[in-house]
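Work through the exercises below with the sequence and the 3D view open. Try each task before reading its solution.

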Amino acid sequence: MEQQPTISPGTVSKILWHFTGGPGWDSRNKRQNAAPKPARTAYSNLISIVKSKTVRLGNYREIVRVVLPEYREYDHKTKKTTVKRDFPVVLESAPICCLSDIPSPHLRYHAYRYGKFAIGFHRDAAIRAGFNPVLYTLDSTSLIRTVYEGLSSLDNASAYWIDDAASDLEYKAEDMKRTHDDVARDFLGDIQTIRSELEYIEETLSDAKESIMRIVAYTKTFDPTEFATVYCEREWRSIRQFRFSIDDIAMIVLPRRIGSAHYFRSFVERRVRELRLPRRIPVIAWDDLVEH
């Protein structure tokens, strides 16, 4: 009996793509710009990445939107609490590095937002570098609310009052030294033990928050109108810059021409030798791979 062949489902690729013309980051409004970068910028970015063998962490930070069914807000002026329904809040992640799992027949759809310049990396290389598929979730699910509530609880957890009480006890112990020196010394030793435990608690709270924020960096929320835009991106992320070798590159794709600029010819005739790209790495015109 013949062995069953390995067949791809058509929705998973062994190449993960980094588009070099993706939209820039609007730091003022904390969101991506609507349009991709100009073609000349995307081309320059592609050359820089291959030359440096590094995909750097960008200015882009994932803004995780969470819709809370109920949000209570206290007004210090009126001393009243108002309840808001379906209230949106946001969590901002650390800077991230992005790739996308997009089979080549589907690349064309993403060009309107990310341009036509892309470097494809072998999936195994990305996994070794620490990339992981993004967790996609609707912004109103109990899952993402749990993440938000966990972070809120950690933000509200504080050892301040315990530390303040320990300071009061220290002052009293110092006064006690005059009449009960031995007891005061034992008392101060116990307080020092409390302070050591407080430091441990504060470090644990900080580590817990940092761990949850790592999960936030690998999370992308979307609303029900974004299934055909955000959800289909199949993004992979890392919170470290991606240092790769030439052998990690599976393919380079760029358009033949945009306006009067002949990008594909320029890259093949001038840049391939300059960048020392071996012949085994395909350099393909976007027009041939995607648009035919």
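Accessible areas come from the Shrake-Rupley method with a 1.4 Å probe; for residues, only the protein chains shown count as cover. The model is predicted, so local features need pLDDT of at least 70, side-chain atom pairs count only at pLDDT 80 or more, and totals for chains, interfaces and linings use all residues. Residues are numbered from 1 along each chain as its sequence is written, and side-chain values use heavy atoms, with hydrogens and water left out.

**Exercise 1.** Describe the surface and the burial of the protein.

Solution. Step 1: the accessible surface comes to about 18,300 Å², and carbon and sulfur atoms hold 51% of it. Step 2: buried means under 20% relative accessible area, exposed over 50%, and partly exposed in between (1.4 Å probe, protein chains only). Of the 292 residues, 37% count as buried.

**Exercise 2.** Is Thr54 buried or exposed, and which residues does Thr54 contact beyond its neighbours within four places in sequence?

Solution. Step 1: the relative accessibility of Thr54 is 3%, so Thr54 counts as buried. Step 2: contact means heavy atoms within 4.5 Å. Leaving aside neighbours within four places in sequence, Thr54 touches Ile49, Gln241, Phe242, Arg243 and Phe244.

**Exercise 3.** Repeat the analysis for Leu151.

Solution. Step 1: Leu151 has a relative accessible area of 4%, and is therefore buried. Step 2: with neighbours within four places in sequence left out, the contacts of Leu151 are Leu91, Lys209, Ile212, Met213 and Val216. Step 3: Glu210 is 59 residues from Leu151 along the chain, and their C-alpha atoms are separated by 9.5 Å.
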